[in-house]
Amino acid sequence: MHCALYTAGTCRSCQWLDKPYSRQLVDKQQDLQQLLADVAVGEWLEPVTGPESAFRNKAKMVVSGSVERPLLGMLHRDGTPVDLCDCPLYPASFPEVFGVLKSFIARAGLTPYNVARKRGELKFLLLTESQKEGGMMLRFVLRSEAKLAQLRAALPWLQQQLPQLKVISANIQPVHMAILEGEREIALTEQQALEEEFNQVPLFIRPQSFFQTNPQVAAALYATARDWVRELNIGSMWDLFCGVGGFGLHCATPEMKLTGIEISAEAIACAKASAARLGLKQVEFQALDSTGFATAKESIPDLVLVNPPRRGIGQALCDYLSRMAPQTILYSSCNAQTMAKDLAAMPDYRVERVQLFDMFPHTAHYEVLTLLSRR
């Protein structure tokens, strides 16, 4: 992948861009194998890859510059802005949208936030695109509600220019820190969830719910989990740290009892909408802490699927799973280091198979799916 910003040295977010992609995959697989060197792995599967460019469905753009000439991109540590509108990680549909948004910022009088001076209102623009019919969600991250009326007044022009914007909201983030968003979200459109679809499974994205940024590889990850689960005789399943329900909804059958747990109420609302669309009756999604939910239970399902944040599932949940001993654990990880630590804390489980999913080309990061069975 060629990137003019990388060549010029103005953006080095893709740390491995100088490395041939085939070498990137070898290095990631070797890293994973080294982390699991003390574990007997039954089967190593080939890494799953996707496009090397234009694969991101989301842009998180820092807004800088002036209201008349805004810049969308990032800030270096010294405060120097870099415009990322032509970043090759974004799909071809994004640059045109960014151009219209720059005009809209001026039209609506949304003064970009100046970090050094702690002045201005518009901090970030968050844009997400669905593969399903190209619909988009746009979030304005504002310092306060001071410009909200101006934003609302100018919005009809923006919607006329960009009819693909199905969901628009304003997030209020008043803290002068490098925090992407605040707790308060204000809906600016009647539609409040962007519809997506992976492998004929309807999924929904709400403004404050996490969703994978590489849809092609994410779809392959969910499909693989589904295929592995269907090889087993599973009557009941927990989907812990379930997000919008992608794993559980792929694995569920009409006969299976599925419980999905996620701390984010927004994500749970998405999961419930998907389950209703699929007509699944034995499915329950709850907005709870996954570790707290599990460790309070005195019985366990046939299979426990965990998809934790980078910190891993932690000692308390490892101890609980070791004690309760479900027949199968399916572990999806975005941080193989913490996954390796968690696996070491569950020695009564055998690693049946491992597969790497390259969700983040040109960086050292990757996702991994691991199937565990009770010894």
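1. A residue is called buried when its relative accessible area is under 20%, exposed when that area is over 50%, and partly exposed in between (1.4 Å probe, protein chains only). By that rule Cys14 is buried, at a relative accessible area of 12%, and Cys87 is buried too, at 16%.

2. A word on what you are looking at: this is a predicted model, in which local features need pLDDT of at least 70 and side-chain atom pairs count only at pLDDT 80 or more, while totals for chains, interfaces and linings use all residues. Residues are numbered from 1 along each chain as its sequence is written, and side-chain values use heavy atoms, with hydrogens and water left out.

3. How many disulfides does the rule give? With a disulfide taken as a pair of cysteine sulfur atoms within 2.5 Å, the count is 0. For Cys14, the nearest cysteine sulfur belongs to Cys87, 6.2 Å away. For Cys87, the nearest is that of Cys3, at 5.9 Å.

4. Buried residues in α5 include Pro215, Leu221, Tyr222 and Trp228.

5. Finally, Tyr222 of α5 is buried and is also among the residues lining the largest cavity, together with Phe210, Cys242, Phe247 and Asn307, to name some.

Note on methods
Helices (H or I, at least four residues) and strands (E, at least two) are DSSP runs, numbered from the N terminus. On a 1 Å grid over the protein atoms alone, a cavity is a set of points where a 1.4 Å probe fits but cannot get out, and a pocket is an open set with protein on both sides within 12 Å along at least five of seven lines; lining residues have an atom within 4 Å of a point.
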